[in-house]
Amino acid sequence: MTDPIADYLTRLRNAITAKHKVVEIPASNLKKEITKILFDKGYVLNYKFLDDGPQGTIKIALKYDAETKTSAIQCLKRVSRPGLRKYTGYKDMPSVINGLGIAIISTSQGVMTDKEASQLKIGGEVLCYVY
């Protein structure tokens, strides 16, 4: 697999389109950090890290609106990819839907949102947009 983050986002996107309640994804440390951010920002209902096999899996419970049955995640967009990396400084941090969405940034101090990176005045690689 060339791009595990794109695979992670595609599995989430496909599960949301199929209206699944739970999705299982092969684990990695970066995927675990992205999952924690999605949970903290209210995009997923819950998650669990399972240590089965050499790699482990992440079980993510997706969040839907009770009345309209729409997902909390409307769009997952991969920004930086293996063929073309996208980096940003803290002054040029991307704004997703004028601050309503989040950009997930991989920095030297770990994976965080665009707002946290701006507050700490550090830049990094823009992994994806979520809204």
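This report describes salt bridges, helix packing and selected residues in a predicted model.

## Basis of the model

Because this is a predicted model, local features are given where pLDDT is at least 70 and side-chain atom pairs count only at pLDDT 80 or more, while totals for chains, interfaces and linings use all residues. Residues are numbered from 1 along each chain as its sequence is written, and side-chain values use heavy atoms, with hydrogens and water left out.

With a salt bridge taken as a side-chain nitrogen of Lys or Arg within 4 Å of a carboxyl oxygen of Asp or Glu, the count comes to 6 salt bridges. One of them joins aspartate 3 to arginine 78, with 2.9 Å between the closest N and O atoms. Aspartate 3 belongs to the segment before α1 (4-17) and arginine 78 to strand β4 (residues 76-78), so this pair ties together parts that are 75 residues apart in sequence; the helices (H or I, at least four residues) and strands (E, at least two) are DSSP runs, numbered from the N terminus. Both aspartate 3 and arginine 78 are buried, where buried means under 20% relative accessible area, exposed means over 50%, and partly exposed lies in between (1.4 Å probe, protein chains only).

Glutamate 24 and lysine 59 also meet through their side chains in a salt bridge, at 3.8 Å from N to O. This pair too links distant parts of the chain, since glutamate 24 is in strand β1 (residues 22-26) and lysine 59 in strand β3 (residues 57-62), 35 residues apart. Glutamate 24 counts as partly exposed at 44% relative accessibility, and lysine 59 counts as partly exposed at 32%.

In general, an α-helix has 3.6 residues a turn, so residues three or four places apart point the same way. The side chains of glutamate 33 and lysine 36 form a salt bridge in which the closest N and O atoms are 3.5 Å apart. Glutamate 33 is partly exposed, with a relative accessible area of 32%, and lysine 36 likewise counts as partly exposed at 32% relative accessibility.

Helix α2 has 12 residues and reaches 17 Å from its first C-alpha to its last, close to the 16 Å expected at 1.5 Å a residue, the expected span being 1.5 Å times one less than the number of residues. Its buried residues are Lys31, Ile34, Thr35, Ile37 and Leu38. Seen down the axis of α2, these buried residues fall within an arc of 160°, so they line one face of the helix, the arc being that of the directions from the helix axis to the C-beta atoms. Asn29 and Asp40, on the other side of α2, are exposed. Just after α2, glycine 42 takes a positive phi of about 85°.

## Packing of α1 against α2

The helices α1 and α2 pack at an angle of about 40°, with their axes 10 Å apart; axes are lines fitted to C-alpha atoms, for helices over the stretch in contact, and angles run from 0 to 180 degrees between N-to-C directions. The two helices α1 and α2 are therefore oblique to each other, given that angles under 35 degrees count as roughly parallel, over 145 as roughly antiparallel, 65 to 115 as roughly perpendicular and the rest as oblique. The crossing of α1 and α2 is right-handed, a crossing being right-handed if the near helix is turned clockwise from the far one by less than a right angle, and left-handed if anticlockwise.

## Loop residues and distances in space

Lysine 19, in the loop between α1 and β1, has a phi near 60°, a positive value in a residue other than glycine. Lysine 121 has a phi near 55°, which is also positive in a residue other than glycine. Lysine 121 lies in the loop between α3 (114-120) and β8 (124-130) and is exposed, with a relative accessible area of 56%.

Threonine 57, found in strand β3, is buried with a relative accessible area of 15%, and its C-alpha atom is separated by 29 Å from that of valine 96, 39 residues apart along the chain. Threonine 70, in the loop between β3 and β4, counts as partly exposed at 37% relative accessibility. Threonine 70 and proline 82 are 12 residues apart in sequence and 31 Å apart in space, C-alpha to C-alpha.
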